[in-house]
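Dear colleague,

Please find the structure below for your records. My findings follow directly after it.

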Amino acid sequence: MNSPVLQSERLCFHPWDPEDFPLLAVLHGDREVQHFLQMGDPPWDEPYLRAKFHGFLADYEAHGWTKFKVTDKDGIFLGRAGFGCFGPTGELELGYSFKRPLWGRGYATEAAAALLAWIYRVEPVDHVIGFAVAEHGASRRVLEKAGMSFTGIRDVDGIPNAFYRHDRPA
Ligand SMILES: CC(C)(COP(=O)(O)OP(=O)(O)OC[C@H]1O[C@@H](n2cnc3c(N)ncnc32)[C@H](O)[C@@H]1OP(=O)(O)O)[C@@H](O)C(=O)NCCC(=O)NCCS
């Protein structure tokens, strides 16, 4: 496995290896994980997920950030968390998904805090955004606990999403 780019108290953030695709397929093959990600759309099929995975590899290659593979300190796969480019505005977007049995342990909050502290060291952006389907209470709570400010409800693909912003610390 690639060395972690970043570590927090319990988590390691790794670039993906090309052979890691099955980990992502298992994560996103879970209906509960997908609930707020597909919002009535058909399940993500393999070509769609492979395109996402190749995007994660390409983002890391090009920028040094991506939606990283997240493991525990023993290398056990937990989920993914990191940054992508939000197409409509080009802003850097924080995102995360963890395996269902691991929810409620504070992993997403720990990941968000570590990633937000790290990104300004490696990328000259003045802010980062995050968003979640408006009714997705858990994800909104994670963004709030990570210190992001609510900026309003905007449609993404016709679905109301709550947007948040985090500014580069002075
Ligand atoms: C959203 C997700 C990443 C949260 O991960 P997690 O590790 O369980 O999050 P944390 O434990 O750090 O924090 C969750 C917080 O939300 C709260 N919460 C949980 N369900 C909630 C709900 N329905 N409404 C409001 N708050 C809720 C928890 O109580 C906790 O807050 P607290 O620490 O103040 O008690 C996880 O549920 C997930 O992977 N979901 C599937 C993929 C997904 O939806 N990703 C986000 C896309 S925007």
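Of the 170 residues of the protein chain, 30% are buried, a residue being buried if 20 or more other C-beta atoms, placed from the backbone, lie within 10 Å of its own, exposed if 12 or fewer, and partly exposed in between. This is a predicted model, in which local features need pLDDT of at least 70 and side-chain atom pairs count only at pLDDT 80 or more, while totals for chains, interfaces and linings use all residues. Residues are numbered from 1 along each chain as its sequence is written.

The protein chain contains five helices and eight strands; these are DSSP runs (helices: H or I, at least four residues; strands: E, at least two), numbered from the N terminus.

Around the ligand there are 20 residues, of which Trp103, Ala108, Thr109, Gly137 and Arg141 come nearest (a residue is near if its C-beta atom, placed from the backbone, lies within 6 Å of the molecule). Two or more residues each are given to this shell by helix H2 (31-38), strand S5 (91-98), helix H4 (107-122) and helix H5 (137-145). H5 provides the largest share, five residues.

Proline 160 lies in strand S8 (residues 159-167). Proline 160 is exposed because 11 other C-beta atoms lie within 10 Å. Beyond its neighbours within four places in sequence, proline 160 is in contact with Ala134, Ile153 and Asp155 (contact: C-beta atoms, placed from the backbone, within 7 Å). The C-alpha atoms of proline 160 and alanine 132, 28 residues apart along the chain, are separated by 8.7 Å.

With kind regards

Terms used
Contact = placed C-beta atoms within 7 Å.
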